[in-house]
Each structure stands twice: as C-alpha cells, then as structure tokens.
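Colleague: Please take me through this model term by term. For each word you use, I would like to hear the value behind it and the cut-off it was set against.

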Amino acid sequence: MVNTVWLKEQRTKHMDWRLEGSTQKVESPVLQGEEGILEETGEDGLPEGFQLLQIDAEGECQEGETLATGSTAWCSKNVQRKQRHWEKIVAAKKSKRKQEKERRKANRAENPGICPQHSKRFLRALTKEKLLEAKHSGPRLCIDLSMTHHMSKKELSRLAGQIRRLYGSNKKADRPFWICLTGFTIDSPLYEECVRMNDGFSSYLLDIKEEDCFSLFPLETLVYLTPDSEHALEDVDLNKVYILGGLVDESIQKKVTFQKAWEYSVKTARLPIQEYMVRNQNGKNYHSEILAINQVFDILSTYLETHNWPEALKKGVTSGKGYILRNSVE
C-alpha cells in the first residue's frame with residue numbers, strides 16, 4: 001500500500017516536470033522573437049555563452065593570482081629571450097668583478113710593499129686639487145690665441161688637437177701648470193672646433209679669456225717663448241707667466257710671435273735647443289726649431305720635474321725636426 005502511494009507521488013512529480021519543460025519550450029520562441037536569439041542551455045542550466053565567460057574569468061583570475069604571488073608574469077618568447085640574455089650579461093659582469101677583486105687581493109698579498117691602486121674618483125679629485133693649487137701658486141702658462149683669425153679650417157683643427165694633447169699631458173704631470181687661453185671667444189671657429197674634437201672641452205680646468213694676454217698680466221711678469229728670440233731659456237720661474245703662440249701656420253711666416261712681443265716690450269726667450277742639441281744629417285736636409293705648443297709644453301713640464309734640459313728636450317724635440325742631443329754624437 002505504501003509502495004503504491006509512493007509510485008503515484010513520483011508519477012505526479014514527473015508529469016509536473018514535463019509540463020514545466022513544455023511551457024519553457026513554448027515560451028522560448030516568443031522570447032526569440034522579442035529579444036533576439038536565445039542561447040541554448042548547458043547541462044548545468046546556464047547558457048553556453050555564460051559558460052564561456054565563466055571559463056575566461058576563471059583564467060583571468062588564475063593569471064591575476066600568478067601575478068599577485070610574484071612568481072613569473074606571462075610574456076612573449078622574445079621578451080623572455082632578451083631577459084635571459086640580460087641576466088647572463090649581469091652574471092658575467094659580477095663574475096668578472098669578483099675575479100678582478102680576487103686578483104688585486106692576491107697581488108697585495110704577494111707585494112705588500114706596493115701601494116694599492118687608487119680608484120678613478122680619487123685620481124680625478126687629486127688631479128683637480130693639483131690644478132687648482134697651480135692656479136694660486138704657479139707655474140702659469142698662457143696660450144695666445146689672438147692670431148687665429150687668418151688660419152684655415154685645417155690649421156684650426158690641428159691647433160685644437162694640440163690643445164687637447166697639451167691639456168692631457170698637464171693633467172698627468174706631477175706638478176702641472178695653470179693654463180690660460182687668451183684672446184679666445186666662445187663664438188669663434190676655433191672654439192667650435194675644440195668642442196667638436198675634444199670631449200668635455202667645456203669642463204676643462206683652465207681659464208678662457210677674451211682679453212689679450214698683455215692686458216691680463218703685468219708686462220714685467222711675461223715671457224714670450226718664440227724660436228726667433230736671441231735669449232735661451234735658462235730656468236722655469238714660478239713667478240713668471242710663460243706665453244706660447246697658438247699659431248699653426250703652414251706658410252711658415254717668420255717672426256710673427258716675436259714681433260708681437262716686441263710691440264708690447266715683453267721679454268722673449270727660446271728653448272735651449274742650440275745649446276744642448278746639434279743638427280743631424282738626414283735625407284731631406286731638414287732642420288727646424290719650430291715646435292707644436294704641446295711639444296713645447298712637454299719640454300717645460302719635464303724640465304720642471306727633472307731640472308735637466310737634455311732630458312726635457314729629448315721629450316719634446318722629435319727626430320723629424322733634424323736635431324739630436326750632443327752627447328749622442330760624442
């Protein structure tokens with residue numbers, strides 16, 4: 001009896017479910033007509049479109065969880081390849097620095113008496129300190145650039161190169177000169193050439209003056225170095241200001257710097273080439289005492305450190321000038 005009642009109840013529920021399904025099927029065409037196409041439902045009763053959206057959302061959530069945890073973010077293969085390449089470079093640099101550090105440590109252990117190598121920052125600070133000290137206590141060197149207006153483009157380039165080499169030698173000197181570029185304007189072709197050829201020219205530790213050297217210093221302190229002078233330079237006086245003519249003249253005009261010094265009644269001197277050197281026979285029979293400004297500077301700088309003219313002249317007078325030291329002949 002009980003089973004019969006239970007079966008009747010199950011049949012009634014089944015009929016109700018079929019009626020509800022038929023009602024949904026009848027209503028679906030109406031909805032299609034009014035609201036457009038209605039998507040078919042899946043096994044869980046949701047439209048397939050909503051199922052796809054649910055899958056996409058779950059995927060985004062998983063990616064968001066991955067990014068939030070900080071593991072590895074998704075990226076293209078090209079980006080991954082570049083990242084691996086960069087990591088290899090960084091690792092190689094670290095390894096190289098470590099090896100260099102170990103090498104220096106081993107060298108210090110083997111040679112305890114040798115001073116450790118200073119850093120570049122320390123050396124730059126030391127160079128700056130020495131240059132600023134020379135500005136106040138000397139020696140001082142003036143490059144007269146007031147005669148460049150008639151120079152060609154090629155000659156200006158050569159002069160800019162000489163200024164660069166002169167400044168580089170001065171930085172390396174144990175006792176540098178304080179350098180002053182006179183008769184030099186920032187709107188001149190030479191200035192543009194110096195900036196073009198010399199990296200960091202605007203930050204050089206030197207003075208740039210538009211005025212002529214004869215109006216910047218007392219005339220009695222000036223010594224104009226010119227190969228046409230009758231007086232040989234005997235010593236470098238820290239109380240004097242030595243002038244070099246910034247002149248590259250391929251036409252070899254004689255006595256240009258000497259004439260200018262004579263007009264201002266300034267003392268002149270020449271390097272003692274004739275006193276310590278002799279002419280050397282060469283195929284071209286060429287002998288010249290005219291030197292570039294960086295060569296003259298090398299001679300002055302070497303003499304200031306050694307107080308030895310033969311050694312200083314050997315530093316700046318090249319074999320191409322046709323002169324050799326006297327003791328070399330003997």
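**Terms and the values behind them**

Modeller: Strand 1 (residues 140-144) and strand 5 pair in the parallel sense, joined by five bridges, and I143 stands opposite L244 of strand 5. Everything here comes from a predicted model, in which local features need pLDDT of at least 70 and side-chain atom pairs pLDDT 80 or more, while totals for chains, interfaces and linings use all residues. Residues are numbered from 1 along each chain as its sequence is written, and side-chain values use heavy atoms, with hydrogens and water left out.

Colleague: How do you know that strand 4 pairs with strand 5, and what joins strand 4 to strand 6?

Modeller: Two strands pair if DSSP finds at least two bridges between them, the strands themselves being DSSP runs of E with at least two residues and the helices runs of H or I with at least four, numbered from the N terminus. Four bridges join strand 4 to strand 5 (residues 241-245), and three join strand 4 to strand 6 (residues 267-269), so both contacts meet the requirement of at least two bridges. In both cases the strands run parallel. L222 has V241 as its bridge partner in strand 5, whereas Y224 has T268 in strand 6.

Colleague: What is the order of the strands in the open sheet, and what makes strand 3 and strand 6 edge strands?

Modeller: The six strands form an open sheet in the order 3-2-1-5-4-6, with parallel pairing. Strand 3 (207-208) and strand 6 are the edge strands, as each pairs on one side only.

Colleague: How do you know that both faces of strand 4 are covered?

Modeller: In a regular strand the side chains alternate between the two faces of the sheet. In strand 4 (residues 222-225), L222 and Y224 lie on one side and V223 and L225 on the other, and all four are buried, a word that stands for under 20% relative accessible area, with exposed meaning over 50% and partly exposed the range in between (1.4 Å probe, protein chains only).

Colleague: Why is T268 called buried?

Modeller: T268 has 9% relative accessibility, and therefore counts as buried.

Colleague: What makes the aromatic pair of Y167 and Y204 a stacked one?

Modeller: The search of the whole structure finds nine aromatic pairs. For Y167 and Y204 the values are 3.9 Å centre to centre and 10° between the planes, and the pair links distant parts of the chain, with Y167 in helix 5 and Y204 in the loop between helix 6 (189-197) and strand 3, 37 residues apart. Rings of Phe, Tyr and Trp (its six-membered ring) pair if their centres lie within 6.5 Å, and planes under 30 degrees apart count as stacked, over 60 as edge-to-face and the rest as tilted. Both Y167 and Y204 are buried. Y303 and W309 are likewise stacked, because their ring centres are 4.1 Å apart and their planes stand at 15°. Y303 counts as buried at 7% relative accessibility, and W309 does at 5%. Ring pairs also link Y167, F184, Y191, F201 and Y204 into a cluster.

Colleague: Which residues of helix 11 are buried, and how do you know that they are on the same side?

Modeller: In helix 11 (residues 309-316) the buried residues are W309, A312, L313 and G316. They cover an arc of only 95° around the axis, which puts them on the same side of helix 11; the arc is that of the directions from the helix axis to the C-beta atoms. The face turned away from the buried side carries the exposed residues K314 and K315.

Colleague: Which residues line the largest cavity, and how are they divided by class?

Modeller: I143, I163, L166, Y167, I179, L181 and L206 line the largest cavity, which has a volume of about 40 Å³. By class the lining has seven nonpolar, no polar and no charged residues. Helix 5 (153-172) and strand 2 (178-182) each supply at least two of the lining residues, and helix 5 gives the most, with three.

Conventions: On a 1 Å grid over the protein atoms alone, a cavity is a set of points where a 1.4 Å probe fits but cannot get out, and a pocket is an open set with protein on both sides within 12 Å along at least five of seven lines; lining residues have an atom within 4 Å of a point. Grid points are joined across faces, edges and corners, and a volume is the space filled by probe spheres set on the points. Ala, Val, Leu, Ile, Met, Phe, Trp, Tyr, Cys and Pro count as nonpolar, Asp, Glu, Lys and Arg as charged, and the others, Gly among them, as polar.
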